[in-house]
Amino acid sequence: MSDNAQAEAGTAEGQGPVKIDEELARHLENKREDLFEKFEIRDEFPPEVIEEAEARTEGVQQEIQDELDEREDLRDLTTWTTDPIDAQDFDDAISIRENEDTYTLWVHIADVTHYVHPESEMWDEAVERANTVYLPAYTMHMLPPVLAETVCSLVPNEDRLAHTVEMELDKENLGYEEIDIYKSVIESDERLTYGDAEQRLDDPDAPLHEENQLVFELADRMHEQRKEDGSLVLNPRRDRAHTIIEECMLKANKAVTHELMWNRGVEAMYRVHPQPTPDEWDKALVEIQDLDGVSVPGGSWDDPRKAVNATLEEAPSRQLDSIQWAVMKVMPRAKYMSDPFGGHHALNFDIYGHFTSPIRRLSDLINHWIVYTNDVPEDLQALCKRASDKQKDAETCEREYKEFLSEVGLDANAVNNRGLEVVDDPEDADVAGY
């Protein structure tokens with residue numbers, strides 16, 4: 001197995017990696033190479049891109065000091081990241097404050113476009129790749145890890161350049177009282193895993209307990225409000241830590257694209273998700289209704305998203321995957337477009353776009369640049385198509401690789417969660433040979 005695969009092989013909390021022998025490792029490597037060729041996915045970065053990335057990691061602290069006059073200094077604001085245990089980079093952080101009538105929620109995103117801009121080699125490479133491709137225990141990055149995992153990673157106790165979305169939210173209806181998007185300098189206080197965040201929520205004496213408790217109360221309300229408004233929630237039993245991050249990022253993404261559309265009136269890379277036809281929705285609901293132990297509430301059929309939400313909450317765990325699959329089969333593919341017309345059906349948002357993951361998605365990188373410069377790339381429509389097409393390629397590549405893992409006796413979920421370790425002796429392997 002290549003160094004990349006070994007490096008990317010994370011381990012789930014409390015579990016060791018899945019062990020395979022060298023022969024099986026070679027077969028996995030060959031399969032990946034075949035898929036990369038089929039879907040035109042780049043594995044290695046060109047030397048000039050690596051050289052540029054390395055050069056941008058030099059003299060970082062002085063560069064950040066020089067930027068302080070032009071940015072909001074948020075280093076005294078309590079800030080933290082929450083990511084999977086095996087995350088290689090931390091590109092988003094949050095802060096929160098409760099006021100008399102409002103909450104102030106800050107979502108800080110690594111300021112990638114400070115380093116990766118249209119005049120750079122890394123920008124051209126990011127357009128070529130369009131997204132990070134995640135295979136179980138193997139990752140093809142959109143940006144060079146030497147940059148993404150250093151100056152663009154919001155590690156604790158180090159100053160970092162960020163793009164902050166500051167939202168003043170009404171306590172009663174959680175609507176935006178004010179949205180402010182600006183460049184900042186932050187210092188994360190701590191890097192939490194999802195498991196850490198759960199523990200902090202449970203322990204009143206733990207550091208960041210009050211902050212996590214407050215942001216969870218807000219996120220839980222935002223989650224319930226989304227469901228009430230008709231947003232489709234296919235993972236109803238997500239834990240508290242995931243709920244915090246998902247809802248905060250959704251709120252920030254929505255804030256940014258509303259700012260771009262309504263306050264600035266500029267084109268951007270919007271995320272548009274068409275709705276299935278009524279017949280397709282009916283087909284999905286009938287398929288769900290026919291599952292053993294599952295019942296679609298009678299009064300909810302006129303709003304399929306709410307019907308699915310209500311069914312998932314009451315359905316036995318063994319049927320969750322079948323319900324989700326019945327819905328996914330009729331869902332049209334979401335696309336990136338320069339006009340938000342049509343909105344996002346699954347989320348039930350009139351306008352939506354991506355902003356919170358510029359390290360791994362071209363759409364977010366482009367939107368960061370548009371927010372900062374208020375200037376739209378001339379080839380925006382081509383960039384939208386590129387991002388949409390490459391996302392489809394990445395998803396198909398991931399599906400085919402997981403199918404191959406199953407064929408050779410590996411559990412894709414176990415590999416995804418625990419990583420892989422190549423052992424010399426086949427007798428020490430969990431799965432050996434081919």
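Some ground rules. The model is predicted, so local features need pLDDT of at least 70 and side-chain atom pairs count only at pLDDT 80 or more, while totals for chains, interfaces and linings use all residues. Residues are numbered from 1 along each chain as its sequence is written, and side-chain values use heavy atoms, with hydrogens and water left out.

I will start with helix pairs. Helices (H or I, at least four residues) and strands (E, at least two) are DSSP runs, numbered from the N terminus. Axes are lines fitted to C-alpha atoms, for helices over the stretch in contact, and angles run from 0 to 180 degrees between N-to-C directions. As for the words, under 35 degrees is roughly parallel, over 145 roughly antiparallel, 65 to 115 roughly perpendicular, and the rest oblique.

Take α3, residues 47-55, and α5, residues 121-129. Their axes are 9 Å apart, and the two helices pack at an angle of about 125°. That makes α3 oblique to α5. The crossing of α3 and α5 is left-handed, a term for a near helix turned anticlockwise from the far one by less than a right angle, with clockwise being right-handed. From α3 the contact takes E48, V49, E52 and A53, and from α5 it takes E121, M122 and E125. Contact here means heavy atoms within 4.5 Å. By class, that gives three nonpolar, no polar and four charged residues. For the classes, Ala, Val, Leu, Ile, Met, Phe, Trp, Tyr, Cys and Pro count as nonpolar, Asp, Glu, Lys and Arg as charged, and the others, Gly among them, as polar.

Staying with α5, which of its residues are buried? They are M122, W123, E125, A126, V127 and R129. Buried means under 20% relative accessible area, exposed means over 50%, and partly exposed is in between, with a 1.4 Å probe and protein chains only. The cover over these buried residues includes α3, α6 (145-148), α13 and α14 (380-407). After α5 comes A130, with a positive phi near 75°.

Next pair: α7, residues 194-202, and α8, residues 209-229. The axes come within 8 Å and cross at roughly 100°. That makes α7 roughly perpendicular to α8. On the α7 side the contact is made by A197, R200 and L201, and on the α8 side by H209, N212, Q213 and F216. Those residues divide into three nonpolar, three polar and one charged.

Leaving aside neighbours within four places in sequence, T243 is in contact with F216, A219, D220, H223 and R238. T243 counts as buried, at 8% relative accessibility.

The last pair is α11, residues 304-314, and α12, residues 320-330. The angle is about 170° and the axes are 10 Å apart. The two helices are therefore roughly antiparallel to each other. V308, T311 and L312 of α11 meet L320, I323 and V327 of α12. By class, this contact has five nonpolar residues, one polar and no charged.

Now two histidines in the loop between β12 and α13. H344 lies in that loop, with β12 at 335-337 and α13 at 362-373. H344 is buried, with a relative accessible area of 11%. A polar atom of the H344 side chain lies 3.2 Å from the backbone nitrogen of L347. Not counting residues up to four places away in sequence, H344 touches R271, H273, F349 and Y352.

H354 is in the loop between β12 and α13 as well. Its relative accessible area is 9%, so H354 is buried. What does the side chain of H354 make a polar contact with? The partner is the side chain of Y336, at 2.9 Å. A polar contact is a pair of N or O atoms within 3.5 Å; within protein, one must be able to donate a hydrogen and the other to accept it, and residues adjacent in sequence count only if both atoms are side-chain atoms. With neighbours within four places set aside, H354 is in contact with N253, M269, R271, Y336, R361, S363, D364 and N367.

Last, D189, in the loop between β9 (176-187) and β10 (190-193). D189 is partly exposed, at 40% relative accessible area. Beyond residues up to four places away in sequence, D189 touches L77, T78, T79, P156 and N157.
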